[in-house]
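Q: I'm new to this protein and would like to learn how to read it. Could you walk me through it?

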Amino acid sequence: MRQVRPKKSLGQHFLTDLSVARRIASTVDVMPQLPVLEVGPGMGVLTRFLLEAQRDVTVVEIDNESVNYLHEHMPELDGRVINDDFLLMDLNTVFPSGQFAITGNYPYNISSQIFFKLLEYRDRVPLCTGMLQREVAQRLAAPAGNRTRGILSVLLQAWYNIEYLFTVDEHVFSPPPKVKSGVVRLIRNDTVDLGCDERLFKTVVKTSFGQRRKTLRNSLRPLAPAAMLVNDIFNRRPEQLEVDEFIQLTNDISNSRQQ
């Protein structure tokens, strides 16, 4: 059987261990009613188990060779293989109504961008799972106080409960990556409104982590009025703050600007 040639430019590392693939595919079982959008199926190693579980699966794949392979070897996907760049797609054209889940073996080089895009569709995607570089996966789930915590940790945890599920070793891929992988699951929380200016919230979070090893007094000086900088919270570093503390900080900055 002809195989797809992994392309370095697309960050392709094809999973070869079927037991791992089955385990990753099962991460969407917590919401069995949802249709599933799989990102970057490659040769369909995850797809086959999603189909076996009788899931309504649509796949999006940028690689023409992989698309041809899927058409040839998975005819049951007829009409549900989209040859496109996930990062540029309007997902509302794929699922015009209702909610859906997202999963995949995500290319390392765009995994963070995938999760930033997820935030745009947070009210339509109550479940997102998948495999990515272990360090990035751990960062997404990192609690306050963990040094790996970053911008995506806070922005995602504002809307999702995030669980790091398990680690995947290098040798189960072709070609093997130079790092281990991690599998995560994100489940939408009950938050409907952050209770602050969301645009300013994003700015506060991104600016705070712009100088992550400095205290908030240094990093937020361009945003916060000088009178605020005496408050104790500005003695802390951004990774130490809970989501609720970033929300309160956003409101305090907004209120101080209006006075």
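**A first reading**

A: Happy to. Keep in mind that this is a predicted model. The accessible surface of the protein comes to about 12,400 Å², and 47% of that belongs to carbon and sulfur atoms.

Q: How many helices and strands does the protein have?
A: There are nine helices and nine strands.

Q: What does the radius of gyration say about the protein?
A: The idea is to set the value beside the one for a compact globule. With 259 residues, such a globule would have a radius of gyration near 18 Å, and the protein has 20 Å, which agrees. Along the principal axes, its C-alpha atoms fill a box of roughly 70 × 40 × 30 Å.

Q: What share of the residues counts as buried?
A: Here we go by relative accessible area, and buried means under 20%. Of the 259 residues, 50% count as buried.

Q: Let's zoom in. How do I read a strand such as S3, and which way do its residues point?
A: In a regular strand the side chains alternate between the two faces of the sheet. In S3, Val57, Val59 and Glu61 point one way, while Thr58 and Val60 point the other way. Five of the five residues of S3 are buried, so this strand is largely enclosed by the rest of the structure.

Q: How many bridges join S2 to S3, and do the two run parallel or antiparallel?
A: Four bridges join them, and the two strands run parallel.

Q: Where is Val39, and what is it in contact with?
A: Val39 sits in strand S2, residues 36-39. Its relative accessible area is 4%, so Val39 is buried. Leaving aside neighbours within four places in sequence, its contacts include Val60, Phe86, Ile102 and Tyr106.

Q: What about backbone angles and peptide bonds?
A: Most residues other than glycine have a negative phi, and most peptide bonds are trans. Gln54 has a positive phi of about 65° although it is not a glycine. The peptide bond from Ser174 to Pro175 is cis, with omega near -10°.

Q: Where do I find Gln54 and Pro175?
A: Gln54 is in the loop between helix H2 (47-52) and strand S3 (57-61). Pro175 is in the loop between strand S8 (173-174) and strand S9 (181-188).

Q: Is Gln54 buried or exposed?
A: Gln54 counts as exposed, because its relative accessibility is 70%.

Note on methods:
Residues are numbered from 1 along each chain as its sequence is written. This is a predicted model: local features need pLDDT of at least 70, side-chain atom pairs count only at pLDDT 80 or more; totals for chains, interfaces and linings use all residues. Side-chain values use heavy atoms; hydrogens and water are left out. The radius of gyration is taken over C-alpha atoms; the globule rule is 2.2 Å times the number of residues to the power 0.38. Buried means under 20% relative accessible area, exposed over 50%, partly exposed in between (1.4 Å probe, protein chains only). Accessible areas come from the Shrake-Rupley method with a 1.4 Å probe; for residues, only the protein chains shown count as cover. Contact means heavy atoms within 4.5 Å. Two strands pair if DSSP finds at least two bridges between them.
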